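Work through the exercises below with the model open. Try each task before reading its solution.

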Amino acid sequence: MTLGRKIIIGSVSFFLAVIVLFIQPFTFENIDAGNVGIRINLYGTDKGVDNITLVTGRVWYNTWTTKIIEFPTFTQSVDYDSFVITTKDAAEFKVDPKLNYHINPDKVPQIYRQYRRPLGEIQQGFMKNTIYDAYRIVANSFSSDSVMSNREAFEDRVQNVLTKTLGKDGFIYDQLTSAITPPPSLRQMIDEKNTSIQARLKAENMAKQAEAEAKVIIARAEGQAKATLIKARAEAEANQLRQKTLTPLLIQQEWVSKWNGVLPTTNAGGSTSLMLGVK
């Protein structure tokens, strides 16, 4: 074999090896933490989804015969578009739901078998319709007033429906917020009712305050009256005691103690000893 032929054969072999290297079907997929992958056989007797959930890590497979679909199992948060529900008395409420959920890893193959769609499409298809239907079904058993006065019970019933319908397919419900908005007419009635309640509570508080203040004034007046009465009784009793204890001798002694030693300027005449003007 000539040198030139060897060079040609070597070059062709090199290029063939490069081509095979680039077009070979074997590759790998890294299944990140918080995700699971399912292996899909594209050909053969096992065509379809295997009953195998791939663990997190690197998975080698043949791209010509196999496909790997990755599903997240960590909590997903989906904010759906608002829509209108109708109560049994024909009142229309706007609902703006936001759902938090996660997928049961063991049911990922079943989910793909049933829906044959990526998770994003399932969220905006089956799950969205399920959520809207749950709200509409529950709203049909509530009146407009009961929705507003029993909002917690309304949302609990919606959540119970979603737990059953989504849970059986492997979607585990975590949390749901509804952001229910009543119609303008009902909103006005609610505002007026709240205003009336606030006015009534304010009036009741003012009446209670006035009553309390009046009680204070009455109590103060009663206290003053009792004090005056006690003082008057004490003075009366003191006067009575004085009257009982006054004798001519005590009166004379009192008179003497108050005399300043000056004889009176006016006499009653005769030999009487009565003196006037002693103060």
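**Exercise 1. A salt bridge and its surroundings**

Is D169 buried or exposed?

Solution. The model is predicted. Start with D169. Its relative accessible area is 5%. The cut-off for buried is under 20%, so D169 is buried. Next, the partner. K168 has 52% relative accessibility, so it counts as exposed.

**Exercise 2. The other salt bridges**

How many salt bridges does the structure hold? Describe the ones formed by R117 and K215.

Solution. The structure holds three salt bridges. Take R117 first. R117 pairs with E121, with the closest N and O atoms 3.4 Å apart. R117 is partly exposed at 42% relative accessibility. E121 is partly exposed as well, at 46%. Now take K215. K215 pairs with E211, and here the closest N and O atoms are 3.6 Å apart. K215 and E211 are four residues apart in helix α6 (residues 184-245), so about one helical turn separates them. K215 is exposed, with a relative accessible area of 53%. E211 is partly exposed, at 45%.

**Exercise 3. A buried lysine**

Which side chain of opposite charge is nearest to K128, and how many Å away is it?

Solution. K128 lies in helix α3 and is buried. The nearest side chain of opposite charge is D81, 4.4 Å away. A salt bridge needs nitrogen and oxygen within 4 Å, so K128 has no salt bridge. Leave aside residues up to four places away in sequence, and K128 touches Y80, D81 and Q123.

**Exercise 4. The nonpolar core**

Which residues of the largest nonpolar core touch the most other members? Which helix supplies the largest share of this core?

Solution. The largest nonpolar core has 38 residues. F71, L99, Y135, F154 and F171 touch the most other members. Helix α3 (residues 119-139) gives the largest share of this core, nine residues. Now look around L99. Not counting residues up to four places away in sequence, its contacts include V78, Y80, M127, I131, L166 and L176. Q76, S77, Y173 and Q175 are also among them.

**Exercise 5. Aromatic pairs**

How many aromatic pairs does the structure hold? Classify the pairs F83 and Y132 and Y115 and F126.

Solution. The structure holds nine aromatic pairs. The ring centres of F83 and Y132 are 3.8 Å apart and the planes lie at 25°, so this pair is stacked. The pair links distant parts of the chain: F83 is in strand β7 (residues 83-86) and Y132 in helix α3, 49 residues apart. F83 is buried, at 6% relative accessibility. Y132 is also buried, at 10%. For Y115 and F126, the centres are 4.9 Å apart and the planes are at 35°, so the pair is tilted. Y115 lies in helix α2 (residues 108-115) and F126 in helix α3, so this pair ties together parts eleven residues apart in sequence. Y115 is buried, at 15%, while F126 is partly exposed, at 24%. Last, the cluster. Ring pairs join F83, Y132, Y135, F142 and F154.

**Exercise 6. The whole chain**

How many helices and strands are in the chain? What share of the residues is buried?

Solution. The chain has seven helices and ten strands. Of its 279 residues, 27% count as buried. The chain exposes about 19300 Å², and carbon and sulfur atoms supply 57% of that.

Terms used. Residues are numbered from 1 along each chain as its sequence is written. This is a predicted model: local features need pLDDT of at least 70, side-chain atom pairs count only at pLDDT 80 or more; totals for chains, interfaces and linings use all residues. Side-chain values use heavy atoms; hydrogens and water are left out. Helices (H or I, at least four residues) and strands (E, at least two) are DSSP runs, numbered from the N terminus. Buried means under 20% relative accessible area, exposed over 50%, partly exposed in between (1.4 Å probe, protein chains only). Accessible areas come from the Shrake-Rupley method with a 1.4 Å probe; for residues, only the protein chains shown count as cover. A nonpolar core is a set of buried Ala, Val, Leu, Ile, Met, Phe, Trp, Tyr and Cys residues joined through side-chain atoms within 4.5 Å. Contact means heavy atoms within 4.5 Å. Lys and Arg count as positive and Asp and Glu as negative; His and the chain ends are not counted. Rings of Phe, Tyr and Trp (its six-membered ring) pair if their centres lie within 6.5 Å; planes under 30 degrees apart count as stacked, over 60 as edge-to-face and the rest as tilted.
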